[in-house]
Amino acid sequence: MLELLAKNWGWVLVRGVFTIVFGAMAVFWPEITLLALVILFGAYAVVDGITAIAMGARRSSGRGILITLGVLGVIAGLIALFWPGLSALALLYLIAIWAIVIGVGSIVSGFGLSRDAGGRWLFVISGLAGVVLGIVLLFNPGEGAVALVVTIGFFAIIWGFFTVFTAVRLRRLAKELDARGDFTDI
């Protein structure tokens with residue numbers, strides 16, 4: 001798993017940057033309409049899903065979790081894009097469940113990293129941020145669209161920064177593995 005992530009550090013970086021951009025837009029324009037939120041979330045989930053599918057496709061075995069999470073992200077994003085008239089509560093639950101599923105996936109991936117304890121905990125912490133976001137949204141549906149946008153924005157920025165930091169660590173690890181000739185064909 002560590003070699004797969006190290007080889008794909010660029011995709012991890014893209015994922016983190018898109019997460020930060022999404023979060024910043026949500027925080028700096030909290031009065032955004034629900035339709036705009038649906039479109040932003042849909043686009044983000046599609047890109048995030050495609051990056052997970054791309055990472056999974058490069059692996060020769062055990063790629064099921066990444067591809068499954070990627071397909072679920074793309075489906076969630078396409079539903080949001082093609083049916084933007086979803087009610088605020090339905091969107092809230094969709095985002096909450098998506099954040100919990102992606103967060104659990106990151107936690108599982110983090111515990112799968114046995115050779116890089118620092119990178120492991122960055123994945124686990126970013127996953128915990130996603131799970132916490134989902135739980136907060138599930139239990140506070142009445143706070144309104146603006147609170148939802150700001151909450152999602154802050155969590156996305158935190159999650160994005162952890163993902164970018166992880167990508168930087170993975171890039172460094174990829175260089176070390178490449179220099180030692182430790183990369184296997186994945």
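## A buried tryptophan and its partner

W98 is buried, because its relative accessibility is 10% and buried means under 20%. This is a predicted model, and every value here is computed from it.

By the pairing rule, the count comes to five aromatic pairs. One of them joins W98 to F41. Their ring centres are 5.2 Å apart and their planes stand at 85 degrees, so the pair is edge-to-face. F41 lies in helix α3, while W98 lies in helix α5 (residues 88–112), so the pair ties together parts that are 57 residues apart in sequence. F41 is also buried, because its relative accessibility is 2%.

## A cluster of rings

Which residues do ring pairs link into a cluster? They are F22, F41, Y44 and W98. So F41 and W98 belong to this cluster as well as to the edge-to-face pair.

## A pair between α5 and α6

F111 and W121 form an aromatic pair too. It is edge-to-face, with 5.5 Å from centre to centre and 85 degrees between the planes. F111 sits in helix α5, and W121 sits in helix α6 (residues 117–139). The two residues are 10 apart, and their pair links distant parts of the chain.

Are these two residues buried, exposed or partly exposed? F111 has 47% relative accessibility, so it counts as partly exposed. W121 has 41%, so it too counts as partly exposed. The cut-offs explain this: partly exposed lies between buried, under 20%, and exposed, over 50%.

Which helix supplies the largest share of the patch? It is α4, with six residues. Helices α3 (34–57) and α4 (64–82) each supply at least two.

T166 is found in helix α7, which spans residues 145–180. Its relative accessible area is 4%, so T166 is buried.

What does T166 touch, leaving aside its neighbours within four places in sequence? T166 is in contact with L122 and F123.

Terms used: Residues are numbered from 1 along each chain as its sequence is written. This is a predicted model: local features need pLDDT of at least 70, side-chain atom pairs count only at pLDDT 80 or more; totals for chains, interfaces and linings use all residues. Side-chain values use heavy atoms; hydrogens and water are left out. Helices (H or I, at least four residues) and strands (E, at least two) are DSSP runs, numbered from the N terminus. Rings of Phe, Tyr and Trp (its six-membered ring) pair if their centres lie within 6.5 Å; planes under 30 degrees apart count as stacked, over 60 as edge-to-face and the rest as tilted. Buried means under 20% relative accessible area, exposed over 50%, partly exposed in between (1.4 Å probe, protein chains only). Contact means heavy atoms within 4.5 Å.
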